[in-house]
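Open the model in your viewer and keep the sequence panel beside it. The stops below go from salt bridges to the ligand.

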Amino acid sequence: MFREVERVLIRREEIERRVGEIADALGASLLAELHEDGVEPDDARIVLVPVMTGALVFAADLIRRLPLKLRLELVAVSSYAGATTVSRGALLAGEMPSDLRGARVVVVDDIVDSGRTLDLLTTLLRERGPRSVRTVVLLDKATRRAVEFAPDHVGFEIPDEFVVGYGLDFDGYYRNLPDIATLRPEAVRGPLAEDPSQ
Ligand code: IMP
Ligand code: MG
């Protein structure tokens, strides 16, 4: 294990099982919407929007459990400057997908914390005239909301602890850890975590 990793919070097998359940629920919800609209699944425009870089691993697993014809459009949002673990608000970094008119958009993120990232993104996406917008997150720190935001599909609710692995990072590291784990407090609170410029 890595020196700064404290303990595994969610094991890889448990993540795998839950990702399957989320895919089933999301797929059923999309199919119900298409049925209601009288649209054949293969004629629908389903666009998955993974939020880079945290959602990379989750989205890669999720899409392979979704037996639906879909496109991927990546977006990048930054909320943590360097090694800090405190959210300072979301910032869109780069382009938004174009041509979403009438599409069924599914935003995929690793975790919802303050809610600012997904609140901003869903607002911007809705301005592009999609038929619907759903949000899927693997993790939810529900006690930390700064803005009102409720994701449509949640993998696990977790306590207010900084976690890494399965795509989630600390200062860009540990995304490749297959489990979700906490970091030692001294790693998170160490000198690296302080950024006097922010
Ligand atoms: P929010 O805008 O505060 O909801 O933050 C969401 C973003 O912050 C996520 O997309 C993550 O990239 C990042 N984040 C929040 N909590 C954690 C954590 O515990 N570990 C790693 N990244 C986190
Ligand atoms: Mg993120």
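Is Arg144 buried, exposed or partly exposed? At 28% relative accessibility, Arg144 counts as partly exposed (buried is under 20% relative accessible area, exposed over 50%, partly exposed in between, with a 1.4 Å probe and protein chains only).

This is a predicted model, in which local features need pLDDT of at least 70, side-chain atom pairs count only at pLDDT 80 or more, and totals for chains, interfaces and linings use all residues. Residues are numbered from 1 along each chain as its sequence is written, chains are lettered from A and ligands numbered from 1 in the order in which they are written, and side-chain values use heavy atoms, with hydrogens and water left out.

Asp113, at 9% relative accessibility, counts as buried.

Next select Asp99 and Arg45, a salt bridge whose closest N and O atoms are 3.9 Å apart. Asp99 is exposed at 54%, while Arg45 is partly exposed at 30%.

Then show Glu33, Asp37, Arg104, Arg131 and Arg134, which are linked in a network of salt bridges.

Finish at ligand 1. Select Ser114 and Thr117: a polar side-chain atom of Ser114 lies 2.5 Å from an oxygen atom of the ligand, and a polar side-chain atom of Thr117 also lies 2.5 Å from a ligand oxygen atom. For Lys141, a side-chain N or O atom is 2.8 Å from an oxygen atom of ligand 1.

How values were computed:
Polar contact = N/O pair within 3.5 Å; in protein donor to acceptor, adjacent residues only side chain to side chain. Salt bridge = Lys/Arg side-chain N within 4 Å of Asp/Glu carboxyl O.
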